Amino acid sequence: MIRTEALVYAEQYAAHEEALHSKGDGRSSIHYPALFLFLGDKVSAAIEPVLMRCERKWDNAAGVLALHAGTHGGYAGSQDAGGAGLDGKEQPLSGSAAWDYKGQQPIGSEGWDHKGRQSAGGSRERVMTMALPDTAGRDPRTVRQDVYREFHEDGRYLAGMNRTLRQIGNRIADYGRLYSSFDVIHLSIITRVDDPLNVLLPEVALLARAVLSQSFKSVQTDLYTLINEREQGDNFGYSSSVGLAFLRELEGMQLPDYTFKAPLLVTEDGLSIPVAHGPSALFDLVYLLSDKNERGMTPVNGMEDNYEIIAHISLLKNRVRPSSDQASGHGGYNNMTFKSGIRGSTGRQGYASAGFSAVRRPSKPIAMAVLYHAFHVLAAKLQTGGGFSLRDRQALLGLTPEALRERAAGLLPDEAGIAEMTGLMSHGRPSYSELKPLSLREAEALLFGDGGEAYFRSNFADVSAARAAALDPAREWAAVLAAQEQTTPPVTFYQLAEWTAEQGEAGGSVLNALRQHMGGLRSALASAEEELEQLYAQSVERQPFQRVPLLDKRTVRNFIHYLFESIYSRKYEILRLKLELDIALRYDAALEQLHAESRAKVQTMQALEEELRSLALASIGRSGEAVDQNIMEYYRTVTAEVMLDIETRRGPGIFFSDRFMGSISELLRQGGPAVVRRLIEVCRRELLTAAPFVLPFEEELLRRANVAAAYENREIVSREELFKQLYLGLEDGAAINVRLFEYTQEHRHEEKYFFGDSSSEFLRYALNADGTTRIYRLGVVHEQRRSGVEKLNLMGGFHLEDLLYYRNGKVYYETYVQNGYKLHGVNEEQLPELR
């Protein structure tokens, strides 16, 4: 639970920091409307991340819609939007109304209460579905062919798609005010290379283009093909053959003489209208994006980077370019230039890929580090309550010898009541001569039997025992300790655990002192009881009481007074000692209980601190990159300084006031998560909003880079050295996400773009780096950003046969075809030859 709450807190803080307006960041706007069409069930996982990234990057992303063409139920989130069924009618679909972005969605002006979640209203209108033939349960040998045939034989699929596309066209029109122009629409189709449903790519793409062309003058269509090499698992052979089948079809679609004609448009009356294409390539550009980069390595973020790439390329090609771009001389993206650049000397159109990396303020690790360090500071403050001598500790808990003696005396009935015992009725009237040879015990028995003992027990021992039984040390201490917890320095469970240990440190154990006192009481009690026995054994004749000659009754009465005064006064003192010992035993048990409770709280705090430390270190990871260095060291100092500043302004002990943490002891009674939950609130409200946490990205990073010098006397990192590390790290992280045979690639065209504040010192450095040796086009997408910088590397000019995936899959493809697998919808004679 603690881990979950801490991670949610870090996610929410990161989302809060990513809320671009909250840090003065600006977002770009797209010029024309954009539509993402996700084809196939295997690409459904990309829908939410792509739209989420558009939301983060684009000012007018609210008008960006998505369409999922897949089998029924292929994308659970899309069911909220509804869609068209096989009969072309709108179908109510069940499901949650909103996407839960799990704390990753940027938070707007609403602040922390927004909890990083996308509002329910937006997602309903942003994703629609189109039903395609179901692939479940089909024979894998013929599934692509069967899907193709069913789609063309059952007219309900086309009818439903036509209806949905018209509906989404109308919805795009509703957002017209968000765009600078409505002449063009950017249609981005995204599919997985090994998804059987992409056998219908020409039909889906051309129908979408045909319907959208009725609302827009031009439809610019790009294809993003995702290659998931890590998920093939046990089906690597079949999956590779299906992927290769699609790539073979794709090569045909991208030939300059590609043509297609089919009755795809369907009216409400069921009439079909042919759609024709070509001769020309089907897509403007085709991007192939794998979860392995050109070095054969899996990026840290895996397929997530490809979702970033899709959103960034979509922005790059469709961005509203402010006049300041031209004025500042920033190189902007030109689609025609890029297309021309990736066309080799042979004139054959090449394919494209990309790589993405980002250097952002590591908000999640920072939040976790602050949480840990704040906890550590508070725990240290709780442990500083010192300066109490053993005598002070005993006095605070009412355990000094004097306090115990006074407490026992207070529970006893008044000793004067012993004098009243002389009024007890005697058994007969023995003469002094009869009493004279007897011991005091025998004389008491002759006079009163056990009446004196019974009277003393009833009126003294039983009364005091009942009073002692009502004692509740824990309740007595509660108010005292609660008050002490609010003092400066406080007395907390840390001190109490030490004070109540059997062998205390730095001042002595209250428990040990109490037990020593109890030992003294037992010795005194034994001595008193022995003296009483000795007195009882003495003869009446030897006792110093007044004898009255010739007045026997008066002498007996004087003896009775002496008997009660000498014997029962001693019994009264013995009772006081027993009562004090009994009280001490009760306090002993209470101290043991207090020790157990306090020790348990200390152990809980220690466990919490260690868990928060582990979470903080885990969130930082072991990347060793410049952006992640020294987080724990730097924010240890920053957190302590911010907390000290708060104490200076608001007074010592402010962190244990009700506005802040309140009673840590009380929170611990509710459990460790309650402490962390309260501390999270304090961090959010009081610490993370302080000035040191809103520094510009570069300044914060440089301060962190230099903090090591204060601890290990390292050479201070210069600004230029830091920028060099960042520059190289961005380039290394933006390796192209596709694996190629470089020696077969006849042409390679590269363009690289930074997304960030072009006026920042780092981007000025980056624009000048490698200036004399640069062989690629470099540009900047200017955004008013204080929270980091991103880099998008574009590369094109390769062909499908240059793909390592193509080379590896060709063997499996040919084997499966030879063994009777029908991997295409059309006849193989219509497809280009394998290369």
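This is a predicted model: local features need pLDDT of at least 70, side-chain atom pairs count only at pLDDT 80 or more; totals for chains, interfaces and linings use all residues.
Arg53 belongs to helix α2 (residues 47-57) and Glu304 to helix α8 (residues 304-317), so the pair ties together parts that are 251 residues apart in sequence.

Between Arg295 and Asp732 the closest N and O atoms are 3.0 Å apart. This pair links distant parts of the chain, 437 residues apart: Arg295 sits in the loop between β10 (285-290) and α8, and Asp732 in helix α26 (residues 719-733). Arg295 is partly exposed at 43% relative accessibility, and Asp732 is partly exposed at 46%. Through salt bridges that share partners, Arg53, Lys57, Glu304, Glu308, Arg360, Glu783 and Glu790 are joined into one network.

Asp183 and Lys217 form a salt bridge with the closest N and O atoms 3.7 Å apart. Here the partners are 34 residues apart and both lie in loops, Asp183 between α5 (155-174) and β6 (184-192) and Lys217 between α6 (201-213) and β7 (218-227). Asp183 is partly exposed, with a relative accessible area of 34%, whereas Lys217 is exposed at 72%. In total, the structure holds 49 salt bridges.

The chain contains 28 helices and 14 strands. One of the helices, α19 (residues 510-537), has 28 residues and reaches 40 Å from its first C-alpha to its last, close to the 40 Å expected. At the N-terminal end, α19 is capped by Ser509, a side-chain oxygen of which lies 3.2 Å from the backbone nitrogen of Leu511. Leu511 is itself among the buried residues of α19, which also include Val510, His517, Met518, Leu525 and Tyr536. The buried residues of this helix pack against α12 (390-397), α13 (401-411), α15 (440-448), α18 (493-499) and α20 (552-620).

Over the chain as a whole, 54% of the 835 residues count as buried. Of the contacts between residues at least 6 apart in sequence, 81% join residues at least 24 apart. The accessible surface comes to about 36200 Å², and carbon and sulfur atoms account for 49% of that area.

Note on methods
Residues are numbered from 1 along each chain as its sequence is written. Side-chain values use heavy atoms; hydrogens and water are left out. Helices (H or I, at least four residues) and strands (E, at least two) are DSSP runs, numbered from the N terminus. Buried means under 20% relative accessible area, exposed over 50%, partly exposed in between (1.4 Å probe, protein chains only). Contact means heavy atoms within 4.5 Å. Accessible areas come from the Shrake-Rupley method with a 1.4 Å probe; for residues, only the protein chains shown count as cover. The expected span of a helix is 1.5 Å times one less than its number of residues. A polar contact is a pair of N or O atoms within 3.5 Å; within protein, one must be able to donate a hydrogen and the other to accept it, and residues adjacent in sequence count only if both atoms are side-chain atoms. A salt bridge is a side-chain nitrogen of Lys or Arg within 4 Å of a carboxyl oxygen of Asp or Glu.
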